[in-house]
Structure formats: structure tokens, C-alpha cells
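Let's take a walk through this structure together. Have the sequence and the 3D view handy, and we'll go from the whole chain down to a few single residues.

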Amino acid sequence: MIKPESAKDRIILALDVDTLDEVRELVLELKDYVGYFKISLPLIVSYGFEAVRLIEELGGRCYYDSKFHDIPNTVQKASINLVKNNIHFFNVHIQGGSKMITGTVKAVRACCKRLEKKPPVILGVTLLSSFGQRTLTTELCVERSLEDYVLQLAKVAYDSGLDGVLASAEDTKRIREQIPDKDFIVVCPATRPTWASVNDQVRVDTPRDAILAGVDYLVIGRPVTTAENRIGAINLIIDEIATALKEKEILNA
């Protein structure tokens, strides 16, 4: 996965829909306005690789939001099957542990070498954007602050060989300070422009916040997919990203 250059290439559009007809409609309309289309569990369970093939056939690129979290052997086998099905961008839960992650990275690279394929980009999920401090402390019995916990997970991801992580804008600031590797990718999983509802997310960021924090890719879904004028909505977001990129360039000059 190459670091994005243009504003539109930084957008990962979440296809939170139920049918392939809806996928087709959104990809045909928006493929020239986004970098990737994300499919997650609802579509994966119903259509799996069929949805991936459709996105690619229509000229889009797919991010396979698998969120694997299981014993090392199971995740390794599942990831190898993704490689065999030409998935080049997916993720795993960092909470699965370094043994699961390193084993998966090694297994995937070995498979790619054997099949003479380019290794896929594998990201690590830090903490779901629906989680807050109360859930972390009261339900999961984690005494550390949410911020420290996410940073620790990011370090595990980096040390275990993942290409990057999913994290909020605030978390990204700390990650960039502790992991200065410029090739390490950060995807913001819950991005909402100021004019959009946060829906079921607890920790959300505006496109401007994300870009200034050092995020590479922004996942955006319902603010675009449910808009009456989807092209108009995505163009507003592209403009906000472009403005933030210029602002960041000035700040770093």
C-alpha cells in the first residue's frame, strides 16, 4: 500500500450496505472520488469475495475489513486464503497478541513468495471506535487509560511487523511521536465531517483533525452513502482534506 498523495486517495468509503446492487451503485457513482472501498462483516458474511470481485471489476480498490482475532494458526490460515484470493489490503486485531501477528505476517510473506505475489498490506485494529474509557475499565478490567492502552497496542503492531494501525486522530499524534517510521500507516476508522451525525461511534474525528494529526487514510461511510447528494457530500470532504493538507504543509514549513 503506497502512501496517498491526493486528497481523494486518502478516503476509504465504508460500504455499509446489504446487497451487491447497492455496492454496484455506490462504486459506479463514487469510484473516481475515493481511494478505496471498505467491505466489512455484513457484506463479507453474505457475499465474501464476490463483493471484492465486483468492486475490482467496476474499477475500484477494496479494503477487506476482516478484523481477524483468533488463535495464531486459525488467523494464519485465514490470511493465507485472503492472499490466494488476491486480497491486498486487510486487518487483524492487535489484541490477538504478538504471536498471532508475527506468525500471520511470516505465513503471508511465505505464501506470497511461493505464489510470486506482492505481499498485502496488513493493518492492526487498536481499539474499536465504539469503545470509551468506561467500557475498557469497567467491562474489560483494563486499568490503563484508553490513550496509553492504544499506544501500547500500536507498539505491539509495529514490533510484530504490521504495516500500520487503525487509530483516532488524538491517538495518532502519540503514535507518530513514539513510532517515527514514516512508512507506518495510520487509518482513522471513524471520520465524520462537522455537518454529519456521529451515529454509533464514541470516538470520532473530523477530516481536518485527522490530517493535522498525521493520519494517512480516513474511513468515511454514512455521511456520504446516505446523503441525498453523494457527489456533493464527498466533494465537501475532499475540499476539507485538501485544505488541511495545505495547512499542515504550512505548519511544518
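What follows starts with the overall picture and then turns to rings, cysteines and some individual positions.

Keep in mind that this is a predicted model, where local features need pLDDT of at least 70, side-chain atom pairs count only at pLDDT 80 or more, and totals for chains, interfaces and linings use all residues. Residues are numbered from 1 along each chain as its sequence is written, and side-chain values use heavy atoms, with hydrogens and water left out.

First, the whole chain. Its secondary structure comes to 11 helices and eight strands; these are DSSP runs numbered from the N terminus, with helices being H or I of at least four residues and strands E of at least two. The radius of gyration is 18 Å, close to the 18 Å that the globule rule gives for 253 residues, so the chain is as compact as a globular protein of that length. (That radius is taken over C-alpha atoms, and the rule is 2.2 Å times the number of residues to the power 0.38.) Along its principal axes, the C-alpha trace spans about 45 × 40 × 40 Å.

How much of the chain is buried? Buried residues make up 49% of the 253 residues, where buried means under 20% relative accessible area, exposed means over 50%, and partly exposed is in between (1.4 Å probe, protein chains only). The accessible surface comes to about 12,200 Å², and 50% of that belongs to carbon and sulfur atoms; the areas come from the Shrake-Rupley method with a 1.4 Å probe, and for residues only the protein chains shown count as cover. As for contacts (heavy atoms within 4.5 Å), take those in the chain with a separation of 6 or more: residues 24 or more positions apart account for 69% of them.

Now for the rings. A pair of aromatic rings is described by the distance of the centres and the angle of the planes. Here, rings of Phe, Tyr and Trp (its six-membered ring) pair if their centres lie within 6.5 Å, and planes under 30 degrees apart count as stacked, over 60 as edge-to-face and the rest as tilted. The structure holds six aromatic pairs. In one of them, Tyr-36 and Phe-89 have ring centres 5.0 Å apart and planes at 75°, so this pair is edge-to-face. The two come from distant parts of the chain, 53 residues apart: Tyr-36 is in strand S2 (residues 36-39) and Phe-89 in strand S4 (residues 89-93). Both residues are buried. Together with Tyr-63 and Tyr-217, Tyr-36 and Phe-89 form one aromatic cluster. Tyr-36 also has Arg-61 over its face, at 4.3 Å from the ring centre; a charge sits over a ring if NZ of Lys or CZ of Arg is within 6 Å of the ring centre and within 35 degrees of the ring normal.

On to the cysteines. How many disulfides does a search of the whole structure find? The count is zero, a disulfide being a pair of cysteine sulfur atoms within 2.5 Å. The sulfur of Cys-111 has its closest cysteine sulfur in Cys-112, and at 5.6 Å that is too far for a bond. Both cysteines are tucked away: Cys-111 is buried with a relative accessible area of 0%, and Cys-112 is buried with 1%.

Lys-67 has a positive phi of about 50° although it is not a glycine; you'll find Lys-67 in strand S3 (residues 62-68), partly exposed at 27% relative accessible area. Asn-86, another residue other than glycine, has a positive phi near 65°. Asn-86 is in the loop between helix H4 (72-84) and S4 and is partly exposed at 43%.

Gln-95 is found between S4 and helix H5 (98-115) and counts as partly exposed at 31%. Leaving aside neighbours within four places in sequence, Gln-95 is in contact with residues including His-69, Tyr-149 and Leu-153. Val-17 sits in the loop between strand S1 (11-14) and helix H1 (20-30), buried at 10%. Val-17 and Thr-225 are 208 residues apart in sequence, yet 9.0 Å apart in space, C-alpha to C-alpha.
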